[in-house]
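Trainee: I would like to take a close look at one part of this model. Please go through it step by step.

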Amino acid sequence: MNVLENHKLNQDEYKEKALVLKSTPPSLEIGITYFCNINPPCVMCSKNLGLDFKRYNIDKDIIDKIIPIINQSKRVALYGNGEPLMCKDLFTLTESINKETNVVFNSNGLLVHKHIDNILKYISHINFSIDAATPETYFKIRHNDLNVVISNIKLINEYKKRLNQDTPKISINMTLMLENMKDIPAFI
């Protein structure tokens with residue numbers, strides 16, 4: 001019997017048995033969308049490579065299947081090759097996640113003002129991908145206005161203060177590339 005035949009037998013054996021998890025991962029990362037609000041794509045985006053990614057958004061059927069596993073985890077990071085706030089069922093998903101699970105995602109920050117109530121209600125941590133310290137560099141990389149992102153970060157902080165809550169935690173990041181090397185000291 002060759003390796004492929006043996007593998008096929010093992011697959012058939014597993015199909016007959018129910019899968020039982022003896023433990024759950026303490027942290028999960030789930031790709032929830034490919035869609036993004038930045039067009040043309042940012043200079044470092046994988047969409048610029050000409051790869052034909054399947055366009056997807058997590059949907060209610062998938063949410064129903066994964067919620068039991070997510071709710072046994074301490075942390076879930078909602079990512080993808082797009083902007084999580086473009087996912088039409090993002091807050092359907094986050095609403096289903098128990099309060100003990102920390103919900104984290106990366107965002108380009110441009111749509112925060114449209115979702116502020118749900119962000120404050122369901123999100124534990126947002127990491128803003130800014131990639132620049134000046135509006136000029138930001139525009140070269142992300143084709144948008146850095147001031148919109150800064151205003152949205154300030155908006156979250158204002159609401160947190162008004163509501164006397166400490167979440168969501170906020171962090172920022174910079175993907176290093178030739179276009180932003182000169183911004184590193186100012187970014188820090």
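Trainee: Which residues in helix 2 (residues 60-70) are buried?

Mentor: This is a predicted model, and what follows should be read with that in mind. In helix 2, the buried residues include Ile 63, Ile 67 and Ile 70. Viewed down the axis of helix 2, its buried residues fall within an arc of 70°, so they line one face of the helix. Buried here means under 20% relative accessible area.

Now take the other side. Asp 61 and Lys 65 are exposed, and they sit on the face of helix 2 turned away from its buried side.

Next comes the cover. The buried residues of helix 2 are covered by parts that include strand 1 (27-33), strand 2 (75-80) and helix 3 (90-96).

The start of helix 2 has a detail of its own. There, Asp 59 has a side-chain oxygen that comes to within 3.2 Å of the backbone nitrogen of Asp 61. Asp 61 is also one of the exposed residues on the face turned away from the buried side.

Finally, place the helix in the chain. The protein chain has seven helices and five strands, and along the sequence they follow the pattern α-β-α-β-α-β-α-β-α-α-β-α. The chain has 188 residues, and 36% of them count as buried. For contacts between residues at least 6 apart in sequence, 71% join residues at least 24 apart. The accessible surface of the chain is about 11600 Å², and carbon and sulfur atoms account for 55% of that surface.

Methods:
Residues numbered from 1 in each chain as written. Predicted model: local features only at pLDDT ≥ 70, side-chain atom pairs only at ≥ 80, totals over all residues. Heavy atoms only, no water. Buried < 20%, exposed > 50% of the residue type's maximum accessible area, 1.4 Å probe, protein only. Helix = DSSP H or I, 4+ residues; strand = E, 2+ residues; numbered from the N terminus. Arc of directions from axis to C-beta. Contact = heavy atoms within 4.5 Å. Polar contact = N/O pair within 3.5 Å; in protein donor to acceptor, adjacent residues only side chain to side chain. Areas by Shrake-Rupley, 256 points an atom, 1.4 Å probe, with all protein chains shown as cover.
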